[in-house]
Structures are given as C-alpha cells and as structure tokens.
Amino acid sequence: MVDLWVEFVKSLLIIFPAYAANGFPPLAGGKIPIDLKKKWFDNYRILGDGKTFEGFSFGLFAGFMIGALEAYLYPDLNSYAMQFGVKLPLINLFVGFMIALGALCGDLAGSFIKRRFGLKRGADVPLLDQWNFIIGAVLFSFWFTEITIWMFLIMLTITPVVHRIANIIAHKIKVKKEPW
Ligand code: CTP
Ligand code: MG
C-alpha cells in the first residue's frame, strides 16, 4: 500500500518552488507582454497582457530561490527522511530551476489555451487556471527527479483549494484584480 502521507510530504518539495513561481508574478507590476501584443491567426492575442516579461522573470527568480533553499537543505532533509525509510525526490539547483521554469511555461500554455477560446485576460477557468502550472512544473522536472503518480495526483487535488484561498487573500490585499 502506498502511504499517502509520505507521498504528500514528498510532493511539498515540488509544490513550494512551483507555488512561488506562480505566486510572485502578480507582484512584479509587469508592463511588457511576452507576446509583444501580437495576435494569433484567430485574431485574438497570443497570450494577452496578463503574461509579462517582468512577471515571468520575477516568478522564475522566486521559484528558483525556493528551489535553491531546498537544494541547500536537501542532504539533511533526506538523511532525516531516510531514518523512516523514505527517499525524498532529489532537489538540486537544476531541478529547482526546472520546476520554476515549468510552472511558468505551464502558466503561459494555460493563457494560450484561454485566448484560443476567445477568453479575456483574467477570465476564470476552473482547473485550467490551477493545473496549468502544476502540470508544467511536473512535465519539466520529472525527468530529473522522482515524481510518483501519487505525488502528481495529490498536487492536482490540493492545488485548486490552495490556489483559491491564496487568490482571495491576494485580492483582499490588492495584489490581484480578481479574487481567482
Ligand atoms: N503576471 C505577469 N506575468 C506572468 C504571469 C502573471 O505579469 N508571466 C501577472 C499579471 O499582472 C497577471 C497576474 O500576474 O494579471 C495574475 O496572473 P494570472 O492569473 O496567471 O493571469 P491573468 O491576468 O488571469 O491572465 P490570463 O487570463 O491570461 O490567465
Ligand atoms: Mg488569472
């Protein structure tokens, strides 16, 4: 039997850098859209004004810093976990970077999909808005660390809940326009 608690704890190492990468861009006050205001063949914006270079860079930096902190702590954390027979997924600087980069690219992919459906910037699409960055983070990093299917499913399950709560707070403290 898989121990879901163990899988949850392991998934936190992936979740923290990914959440940082996703949570920090709104604080950047970005101005320059990554799509440079260009439109796709359907005459809708490629990504829209919500995806900026500043936000991307800031998110990448923040996610990478959390990954770097984890990489620094990893040897100690892992030897501690090993006492309980648990091997933690490897986090080094490269894995941390890939988690953050993947989260941001997943977020771009999410916006790309939203624009293809003609949805305006900031439109609320349940699950797509919350899963895009998790799927991106996992897709970019699982080649280099150990992510089990259970960890992935746990991340998909808890992220919409955490995301909703975090966005309501971000809206209240006026970091985000919409409470989602
Ligand atoms: N943001 C940014 N650059 C990014 C990602 C996010 O500047 N690469 C900022 C934008 O100010 C954006 C805010 O963070 O409005 C919230 O991000 P998100 O909810 O992902 O974007 P939305 O505005 O909802 O746009 P979309 O409809 O494309 O998801
Ligand atoms: Mg949004």
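Buried here means under 20% relative accessible area, exposed means over 50%, and partly exposed covers what lies in between (1.4 Å probe, protein chains only). This is a predicted model, in which local features need pLDDT of at least 70 and side-chain atom pairs count only at pLDDT 80 or more, while totals for chains, interfaces and linings use all residues. Residues are numbered from 1 along each chain as its sequence is written, chains are lettered from A and ligands numbered from 1 in the order in which they are written, and side-chain values use heavy atoms, with hydrogens and water left out.

Helices are DSSP runs (H or I, at least four residues), as strands are (E, at least two), numbered from the N terminus. Take Met155 as a way in: leaving aside neighbours within four places in sequence, Met155 is in contact (heavy atoms within 4.5 Å) with Ser11, Ile14, Ile15, Ile134, Val138 and Ile147.

Helix α4 has 14 residues and reaches 20 Å from its first C-alpha to its last. That is close to the 20 Å expected at 1.5 Å a residue, where the expected span is 1.5 Å times one less than the number of residues. The buried residues of α4 are Asp129, Gln130, Asn132, Phe133, Ile134, Gly136, Ala137, Val138 and Ser141. Their cover includes α1, α3 and α5.

Ile135 is also in helix α4, but Ile135 counts as partly exposed, at 36% relative accessibility. It belongs to a nonpolar patch on the surface together with Phe94, Leu139, Phe142, Trp143 and Phe144. The accessible area of these residues together is about 620 Å², by the Shrake-Rupley method with a 1.4 Å probe, where only the protein chains shown count as cover for residues. Patches are made of residues with over 30% relative accessible area and no salt bridge, with like charges joined within 9 Å and nonpolar side chains (Val, Leu, Ile, Met, Phe, Trp, Tyr) within 5 Å.

## Salt bridges

The structure holds nine salt bridges, each being a side-chain nitrogen of Lys or Arg within 4 Å of a carboxyl oxygen of Asp or Glu. In one of them, Lys51 pairs with Asp107, with the closest N and O atoms 2.9 Å apart. Lys51 lies in the loop between α1 (4–23) and α2 (53–82) and Asp107 in helix α3 (residues 93–116), so this pair ties together parts that are 56 residues apart in sequence. Lys51 is buried at 15% relative accessible area, and Asp107 is buried at 16%.

Another pair is Arg164 with Asp124, whose closest N and O atoms are 3.5 Å apart. This pair also links distant parts of the chain, 40 residues apart: Arg164 is in helix α5 (residues 149–172), and Asp124 is in the loop between α3 and α4 (128–141). Arg164 is partly exposed at 32%, and Asp124 is partly exposed at 29%.

A network of salt bridges links Asp35, Lys37, Arg45 and Asp49. The side chains of Asp49 and Arg45 meet at 2.9 Å, N to O. Asp49 is partly exposed at 31% relative accessibility, whereas Arg45 is buried at 16%.

Lys37 lies in the loop between α1 and α2 and is exposed at 52%. Its phi is near 65 degrees, a positive value in a residue other than glycine. Leu36 lies in the loop between α1 and α2 and has a positive phi of about 50 degrees, although Leu36 is not a glycine.

Leu36 also takes part in the surroundings of Phe53: not counting residues up to four places away in sequence, Phe53 touches Ile32, Pro33, Ile34 and Leu36. Phe53 is found in helix α2 and is partly exposed at 39%. The C-alpha atoms of Phe53 and Leu77, 24 residues apart along the chain, are separated by 34 Å.
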